[in-house]
Amino acid sequence: SYYIITMEEKVNEMAIMYDEENPVSYWNLYMNDGNSESGYITDIARRTAINFCVRDNIYALEAEKAGLVLTDEEMEDLRYDAEQFYVKVSVKGRENTHIDVLSIEKAMRTERLAYKYIMQLANEDEEGVLQSVVLKYDVGGLYYEALKNDYNIKIENTILNEVNFGFVSIN
């Protein structure tokens with residue numbers, strides 16, 4: 001739920017910039033970049049949310065194996081951010097996703113632990129942090145894609161296919 005709502009918010013910001021009077025028109029656009037990322041914005045948002053969720057869960061597990069943890073201060077910030085996130089979720093979004101503060105905290109913990117681990121890896125890399133993150137550690141990166149093969153990932157597409165991105169928490 002957290003990744004769905006987060007992705008909807010980010011894409012909807014672009015949709016409003018595209019057409020403030022009718023942001024839904026953006027969600028219905030077909031993007032063709034000549035590779036596997038082509039598709040309707042709604043489908044690209046779905047794939048991206050799934051990819052980020054999988055990435056964060058893998059890296060959080062790797063972080064735990066490496067002994068990384070969030071500090072007390074980071075956890076305090078996370079709890080505050082989770083509360084603020086929940087307050088901003090529309091009633092429609094809460095009803096459609098059954099999201100609550102605890103599930104947001106769990107997702108944010110996973111996301112932040114993954115980020116911490118990615119940054120540790122990137123800071124140790126000689127190529128520079130930004131280039132390392134993009135080329136190696138993010139979705140599509142060489143290191144990440146090889147690491148992903150070490151995990152048995154099962155995505156329940158029947159449920160996800162019922163999710164109409166752009167209409168879960170907004171519109």
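**Entry 1: H3 against H6**

I find H3 and H6 roughly perpendicular to each other. The term covers angles of 65 to 115 degrees; under 35 counts as roughly parallel, over 145 as roughly antiparallel, and the rest as oblique. I am working on a predicted model, where local features need pLDDT of at least 70 and side-chain atom pairs pLDDT 80 or more, while totals for chains, interfaces and linings use all residues. Residues are numbered from 1 along each chain as its sequence is written, and side-chain values use heavy atoms, without hydrogens or water.

I read a packing angle of about 70° for H3 and H6, with axes 7 Å apart. The axes are lines fitted to C-alpha atoms over the stretch in contact, with angles from 0 to 180 degrees between N-to-C directions. Helices are DSSP runs of H or I, at least four residues, numbered from the N terminus. The crossing of H3 and H6 is left-handed (the near helix is turned anticlockwise from the far one by less than a right angle; clockwise is right-handed).

I listed the contact (heavy atoms within 4.5 Å). H3 contributes residues including Arg55, Tyr59 and Glu62, and H6 residues including Arg109, Leu113 and Tyr117. By class I get 8 nonpolar, 2 polar and 6 charged. Here Ala, Val, Leu, Ile, Met, Phe, Trp, Tyr, Cys and Pro are nonpolar, Asp, Glu, Lys and Arg charged, and the others, Gly among them, polar.

**Entry 2: H1 against H3**

Next I took H1 (residues 2–18) and H3 (residues 41–65), whose axes come within 9 Å and cross at roughly 135°. That makes H1 oblique to H3. Their crossing is right-handed. From H1, the contact uses Tyr3, Met7 and Val11; from H3, Phe52 and Asp56 are among the residues. I count 8 nonpolar, 1 polar and 1 charged residues by class.

**Entry 3: the core**

Which residues touch the most other members of the largest nonpolar core? They are Tyr2, Tyr59, Phe85 and Phe165, in a core of 45 residues. Such a core is a set of buried Ala, Val, Leu, Ile, Met, Phe, Trp, Tyr and Cys residues joined through side-chain atoms within 4.5 Å. H6 gives the largest share, 11 residues. Tyr2 touches Phe85 and Ile104, among others, leaving out residues up to four places away in sequence.

**Entry 4: Ser132**

I looked up Ser132 in helix H7. Ser132 is buried, at 0% relative accessible area (buried is under 20%, exposed over 50%, partly exposed in between, with a 1.4 Å probe and protein chains only). Beyond four places in sequence, Ser132 touches Ala122, Asp125, Glu127 and Tyr137.

Technical notes: Helices (H or I, at least four residues) and strands (E, at least two) are DSSP runs, numbered from the N terminus.
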